[in-house]
Amino acid sequence: MFEAIAIRLPRLLGGLCLLAGVGINFANIVGRFFFGAPIFWAEEAMIFLVLWAVFLTFISVTASRAHLNMDLFQKLLPRRAGRALELAGLAVGVVAMGYLALQSWSSLQKLWSFDMRSISLQIPMVVPHAAVLVGFAGSAAAAFILIWKRRE
Amino acid sequence: MIWTLFVLPILLLVCGFPVFLVLLASAAISILVHFNVPPALLHQVVFGTLDSFALLAVPFFIFVGEIMGSGGVSRRLVNWCDAVFANVRGGLPITSVAACTVFGAISGSSPATVAAIGRITYRPMRDSGYSESFTAGLLTSSGVIANIIPPSVAMILYAASAQESVVRLFTAGIIPGLLFSLSFILYISWRARKDKVAPGRSFSWRRVWRETRAGALALAMPAIILGGIYSGMFSPTEAAGMACVYAIVVTLCIYREITPAGLFRVAGDSAFRTSQIMVIVACSGVFSWLLTTSGAAPALVRSFEALDLSPIVALLLINIFLLLVGAMLDTASSILLLTPLLVPIVKALGIDPVHFGIIMTVNLSIGMFTPPFGLNIFVAQAVFGADLKTIYAGIAPYILISVLVLLVLTYIPGLSLWLAYL
């Protein structure tokens, strides 16, 4: 269950966002060179799609414990100390990512109340900004579940 | 402020915390303790850092590399290089270096190059009598070329972090990348003569023609990417996106070595690898912003200036520092952590930031195959199944050669800047 929701699903959705970004880039270039009609919203759409790809897959990276780190000294520690440090890392992660998710939530509320829209696509700016909230809240939840599973 | 922006990150990094978390936690504590700014700024800067068209090139180049590795492109590149270098002494190892260079001119990822080319050339080299140590060492080290020769993910990250032109950095990387390739090939030739290695098979124009035809679509890829960028037809991001489409069409419809389901898997893998890097980019944006607004970066420059070091000595010290960092931390994280700190210093010393971008990329790339913790070493261990001691022995000469090339590139800026400012 955890693997399907926290690892495989975000990875699949992230991959789809990436493929959609590649498709829009191609359509824009074809439009520009062959039809003299570039897609004016292409750049914005690609950025938003990649943002979603990054933050959705961020949940998967956290759940897989595949973040880039310098584990040089951690590996030298005795096993129990190493595990304790790993657990501490997850706990700090829950707090820091949860804190950022809270800040994202407050930013989204402001964007929503001002009805801010993107320049080219004219979509509510809440849509791209929500990727940060989803990514960090989802990641914090995944880290919390990892700690919980350790307890069991 | 010093402890939250300098001491705490080092402490958390040493404890093995994820790099993004090191940056995020330090920035959040700094904002809460020292800065009188609304904490919602964290969200704004994280979003704003990734809201960049230039950075889109990173996921696209990662995607190209993944498709090429799975879709038979790398095998065709190796076959072509093998046909060209067939009758040369040490032809197979030279083929590997040449293939890494061509592969690097498409993918821009060092570990992907080691895995893709190594998987194909390791067994034939071993069967031809090359020792395990020599073979593993060569393939582990040759991955460095992909990081330096354009397009390079490391250079895109440096450009974003130092506010420099990606195209200029790519152009500056051409000669250094080729210099690495050439120096490795010269060493292999010397070694092959010394060990009296017989040429593999006779050269045949017919075989070259056959492999050229078989690999023409793969060989056209660097031309599309680099030609498109340098002719001004595409931006680096657009070129990377075009290369993705081209690679999908070639591997899915023409070579038929990847299935539609496989393509989705590869896209998911690429998104995963992209996220590992881009989340660090996002959090480094907050960290850089704090360094700038707190006045820490200018203070660091003043302290460095107070040492009254000549640019030659300063660059030597920076090189040593970066080599050590590169051996312990991956290239992307190192660039994002250190660029905001080092670029103001080198600018104050009168060093061109494009030249420094090349120096930094080369240093950190050497670190990728430097024992004990270079990332490529572990990729090689996983792919070749060789033990670490054997790999360490094999890469020793290449580290020496690479450091010599690094010194040449450091003290002859023209090698990097001549093409960049042409």
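The questions below concern a predicted model.

Biologist: How many residues of chain A are in contact with chain B, and how much area do the two chains bury between them?

Modeller: On the side of chain B, 57 residues take part in the contact, and on the side of chain A, 53 residues do. Carbon and sulfur atoms carry 79% of the area buried between the chains. The values asked for are 53 residues and about 5000 Å².

Biologist: Which residue of chain A forms a salt bridge with E238(B)?

Modeller: Between chain A and chain B there are 2 salt bridges. In the one that involves E238(B), the closest N and O atoms are 2.8 Å apart. A salt bridge requires such atoms within 4 Å. The partner of E238(B) is R32(A).

Biologist: Which helix gives the most to the side of chain A that touches chain B?

Modeller: On that side, α1 (2-34), α2 (42-63), α3 (79-114) and α4 (126-151) of chain A each supply at least two residues. The leading contribution is 14 residues, and it comes from α1(A).

Biologist: How do the residues of that side divide into nonpolar, polar and charged?

Modeller: The charged residues number 3 and the polar ones 18. The remaining class, nonpolar, holds 32.

Biologist: Is R65(A) buried or exposed, or partly exposed?

Modeller: R65(A) lies in the loop between α2 and α3 of chain A, and its phi is positive, near 50°. Most residues other than glycine have a negative phi. The relative accessible area of R65(A) is 44%, so this residue is partly exposed.

Conventions. Residues are numbered from 1 along each chain as its sequence is written. Chains are lettered from A and ligands numbered from 1 in the order in which they are written. This is a predicted model: local features need pLDDT of at least 70, side-chain atom pairs count only at pLDDT 80 or more; totals for chains, interfaces and linings use all residues. Side-chain values use heavy atoms; hydrogens and water are left out. Contact means heavy atoms within 4.5 Å. Buried area is the accessible area (1.4 Å probe) that two parts lose on being put together, summed over both. A salt bridge is a side-chain nitrogen of Lys or Arg within 4 Å of a carboxyl oxygen of Asp or Glu. Helices (H or I, at least four residues) and strands (E, at least two) are DSSP runs, numbered from the N terminus. Ala, Val, Leu, Ile, Met, Phe, Trp, Tyr, Cys and Pro count as nonpolar, Asp, Glu, Lys and Arg as charged, and the others, Gly among them, as polar. Buried means under 20% relative accessible area, exposed over 50%, partly exposed in between (1.4 Å probe, protein chains only).
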